[in-house]
Amino acid sequence: MNGMKSFLDRWKAEYDFKTYISAAVSLAVTLLFAFYNGYLGIRHSSLWYGTICIYYILLVLLRGSIIIAAKRIDEKKEQESVRNKAFLAISFLLLILNISLIVPVSIMVRQQKPVNMTLIPAIAMATYTTYKIIMASVNLKKQKRSSDSLVHLLRTISFIDALVSILTLQNTLIMVSSNGEDLSMLPLTALTSGVIWAATLALSLITIMKGIRQIRR
């Protein structure tokens with residue numbers, strides 16, 4: 001009982017602690033979402049869902065590496081320079097991962113659609129995506145409360161995760177509303193997918209530049 005009270009007190013009082021715990025929970029949820037996409041990819045022989053599954057798994061590994069790095073740095077009471085180097089290294093990995101996102105984006109733009117989806121999963125996906133976007137946007141703004149660079153990186157990854165969820169939702173809605181032969185949505189799909197992909201790259205580059213500035217101080 002005392003342990004739970006202590007946990008809740010830290011949750012309310014310590015923003016960094018709350019962020020790391022929330023990241024651990026998000027990690028588990030994202031992993032389940034990755035497995036769901038992997039299941040759809042295998043069941044329907046869908047390259048789109050297969051590549052998105054791999055992307056989410058790698059994103060989970062990045063998020064997990066931040067949590068582990070932060071824990072080890074705190075336990076060993078390492079200098080801030082070690083934290084900044086970890087921030088920069090993971091930022092470069094995030095950029096590489098987001099560059100690879102061009103593969104599922106190009107698949108969706110070409111509307112390679114072997115999967116038929118009903119309206120109910122689409123509604124569930126829309127609800128989940130809306131929640132992720134709102135929470136990620138709010139938390140990205142709140143990150144100024146923390147001086148921990150790894151906390152900032154976690155919030156950025158959460159926002160990128162939410163942006164990728166928009167791509168997944170868009171693909172789901174296309175599957176619900178078209179038969180895969182109608183190319184009328186191609187220009188809009190290409191535009192929105194390109195904007196979202198560019199946004200993930202921009203966030204990655206901004207994060208890298210921030211990491212370089214921190215190390216040079």
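Predicted model: local features only at pLDDT ≥ 70, side-chain atom pairs only at ≥ 80, totals over all residues.
Trainee: Okay, at what angle do α2 and α6 pack?

Mentor: Helix α2 (residues 15-44) and helix α6 (residues 119-142) pack at about 155 degrees, and their axes lie 13 Å apart. That is over the cut-off of 145, so α2 and α6 are roughly antiparallel to each other. The crossing of α2 past α6 is left-handed.

Trainee: Which residues in α2 and α6 meet?

Mentor: From α2 you have Tyr15, Val29 and Phe33, and they meet Met125, Tyr128, Asn139 and Lys142 in α6. By type, this contact of α2 with α6 splits into five nonpolar residues, one polar and one charged.

Trainee: And how do the axes of α2 and α3 cross?

Mentor: Use the angle again. Helix α3 (residues 47-76) crosses α2 at roughly 160 degrees, with the axes coming within 8 Å. That angle makes α2 roughly antiparallel to α3. The α2 and α3 crossing is left-handed, and the residues of their contact divide into 17 nonpolar, seven polar and one charged.

Trainee: Moving to α4, which of its residues are buried?

Mentor: First, the general idea: an α-helix has 3.6 residues a turn, so residues three or four places apart point the same way. In α4 the buried residues include Arg83, Phe87, Ile90, Leu94 and Leu97. Asn84, Leu88, Ser91, Leu95 and Asn98 are also among the buried ones, as is Ala86.

Trainee: How far does α4 reach from its first C-alpha to its last?

Mentor: Helix α4 (residues 80-99), with its 20 residues, reaches 29 Å, close to the expected 28 Å.

How values were computed: Residues numbered from 1 in each chain as written. Heavy atoms only, no water. Axes fitted to C-alpha atoms, helices over the stretch in contact; angles between N-to-C directions. Helix = DSSP H or I, 4+ residues; strand = E, 2+ residues; numbered from the N terminus. Parallel < 35°, antiparallel > 145°, perpendicular 65-115°, else oblique. Left-handed = near helix turned anticlockwise from the far one by under 90°. Contact = heavy atoms within 4.5 Å. Nonpolar A, V, L, I, M, F, W, Y, C, P; charged D, E, K, R; others polar. Expected span 1.5 Å × (residues − 1). Buried < 20%, exposed > 50% of the residue type's maximum accessible area, 1.4 Å probe, protein only.
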